[in-house]
Amino acid sequence: MDYDRIFKSAIDRLHDEGRYRVFIDILRTKGSFPNAHCFGGNGPKPITVWCSNDYLGMGQNPRVVEAMETALREVGAGSGGTRNISGNTHYHTELEAELASLHGKEGALLFTSGYVSNEAALSTLGKLLPDCIIFSDELNHASMIAGIKSSGCEKRVFRHNDVEHLEELLAEADPDTPKLIAFESVYSMDADISPIAAICDLADKYKALTYLDEVHAVGMYGDHGGGVSEREGVADRLTIIEGTLGKAFGVMGGYIAASKTIIDCIRSYAPGFIFTTSLSPVLVAGALASVRHLKQSQEERRAQQESAAMLKAKFAAADLPVMPSSTHIVPLLIGSPVKAKRISDVLLAEYGLYVQPINFPTVPRGTERLRFTPGPTHTPEMMDELVGALVEVFGREEIRLAA
C-alpha cells in the first residue's frame, strides 16, 4: 500500500480544482488596524486587511490589550488544566456571568472556540434527549453539522430560512418526540439573517427546543451587543444561544448561554468541555474587557455599519458583482475557484490588498466569492483604492468574469 501516493493524490485534487488553501503569513500592527505586514513572496511589505473577522477591531482596543497585559503579569500565561483540574479561574466565572447577563440567560459556559462550543453542545444535547430529532438549516456551519452528526440523532434538513418547509418537517414528526431546531442568526457567507421570531413561533407550536448560533452577530447587533436576537427582542424565546469571543469581541473562545440546568448538563456530560484545557486567563481577561466595553459603547457598531454601507455603495457604483446583504458582511460573487484565487493573489501581490477567496465546501460550487468585512477603521480612501484595484484586475483578460 502506497500511503504517500494516496495523500499526495488528495492534495493534487485540491490543486486541480483550484481549491487548495494557502495561509497568508502576516502580522497586524497594534493600534493601526487594518494595516499589517505580509511576510510571504517579496515581503515583508505593508498590506491592508479586508477579510478579518475581528469585525470591530476589538483585538486592537487599548482596554482589551491592557486587560490581557495585566492578567499576564498578575497570573501568568496558561490556565493550568481543564476546568475541573485547576483551570477554573475567577476570570472564567466572571466572563460566564457577563455572557449570561448579555443574553438574559441564567448561565453560560465557556469553550476554547466557537467550533468546539457548537460541536460539544449539539452532540451532547442530542445524546441526552431520547429519540431526539434535530431540524437543521441547510446552510448551518460545519461545526453545527459535526455536532448533530456526533449526536447520533435523526437529522432533518430544512431549506435555508424557509419556515414553511421547516413546519412541514415538524408536522411530520411524532408530537411526543423531543425536537431541537438548530439555526444561525447571521449566515456569514450569504450575509443574510434568519427569521428568528417565526422559527420561535414554530418551536412553540410544535414543542421544540431552539439552538441559535449568533457567532457573526454577537457584539455587532443589539443595544448591548447581544446579537440579532437582542435587537429583535426575542432572546428570551430561545432555549440556547451560542456565540464566539473570536470575531466581534476580538479575542478567542466560544460559549453557550441557557438555563442553569442545561448549562449544568453540558458542563457535566460534554467531552469537548470536560477533557479540554481551559482558555488561558489572559485570553479570558481580554474577552471580559471586550464584552463589557461593547455592552456600553455603540460607537464601534455604528462606525462599522457605516463602513459596510459605504463599501456596498462603492461596489455597486463601479458595477462590481456585490451580492445582496443586509448585514455587515460584503460578498463579491466570482463564480469560479480559479478566478477567485487569481484575483486574491493579484490584489495582494500588486496592490497590497488582502482578501481571501471563499470556495467549496464553505460555499456551494459555482458561488465562489471574495468576502469583505469593512470595519470602523477602513477609510473612504482605502475603499476607493480597493474599488479601483478590483475594477482594474477584473478587466484583465485571464480573470475576466463571465457575463
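Start with Asp345 and Lys341: they sit four residues apart in helix α13 (residues 337–351), so about one helical turn separates them. Helices here are DSSP runs of H or I with at least four residues, strands are runs of E with at least two, and both are numbered from the N terminus. The two side chains form a salt bridge, with 2.8 Å between the closest N and O atoms. By salt bridge I mean a side-chain nitrogen of Lys or Arg within 4 Å of a carboxyl oxygen of Asp or Glu. Asp345 is partly exposed at 35% relative accessibility, and Lys341 is partly exposed at 22%. The cut-offs are under 20% relative accessible area for buried, over 50% for exposed, and partly exposed in between, with a 1.4 Å probe and protein chains only.

Before going on, the ground rules. This is a predicted model, where local features need pLDDT of at least 70 and side-chain atom pairs count only at pLDDT 80 or more, while totals for chains, interfaces and linings use all residues. Residues are numbered from 1 along each chain as its sequence is written, and side-chain values use heavy atoms, with hydrogens and water left out.

Back to the charged pairs. Glu306 and Arg302 make a salt bridge at 2.7 Å, N to O. Those two are also four residues apart, in helix α12 (residues 299–317), and thus about one helical turn from each other. Glu306 is partly exposed, at 46%, and Arg302 is partly exposed as well, at 38%.

A further salt bridge joins Glu392 to Arg396, at 3.0 Å, N to O. Here Glu392 is partly exposed at 34%, whereas Arg396 is buried at 18%. Elsewhere, salt bridges with shared partners link Glu94, Glu98, Arg292 and Lys295 into one network. The count of salt bridges is 21.

Now the cysteines. How many disulfides does a search of the whole structure find? Zero, taking a disulfide as a pair of cysteine sulfur atoms within 2.5 Å. For Cys38, the nearest cysteine sulfur belongs to Cys51 and is 11 Å away. Cys38 is buried, at 3% relative accessible area. Cys153 is also buried, at 15%. Its closest cysteine sulfur is that of Cys132, at 4.4 Å, which is too far for a bond.

Next, a sheet. Three strands form an open sheet in the order β13-β16-β15, with antiparallel pairing. Strands count as paired if DSSP finds at least two bridges between them. In one of them, Val330 has Phe372 of β16 as its bridge partner.

Finally, the whole protein. There are 14 helices and 16 strands. The radius of gyration is 22 Å, close to the 22 Å that the globule rule gives for 403 residues, so the protein is as compact as a globular protein of that length. That radius is taken over C-alpha atoms, and the rule is 2.2 Å times the number of residues to the power 0.38. The C-alpha trace spans about 60 × 55 × 55 Å along its principal axes. Of the 403 residues, 53% count as buried.
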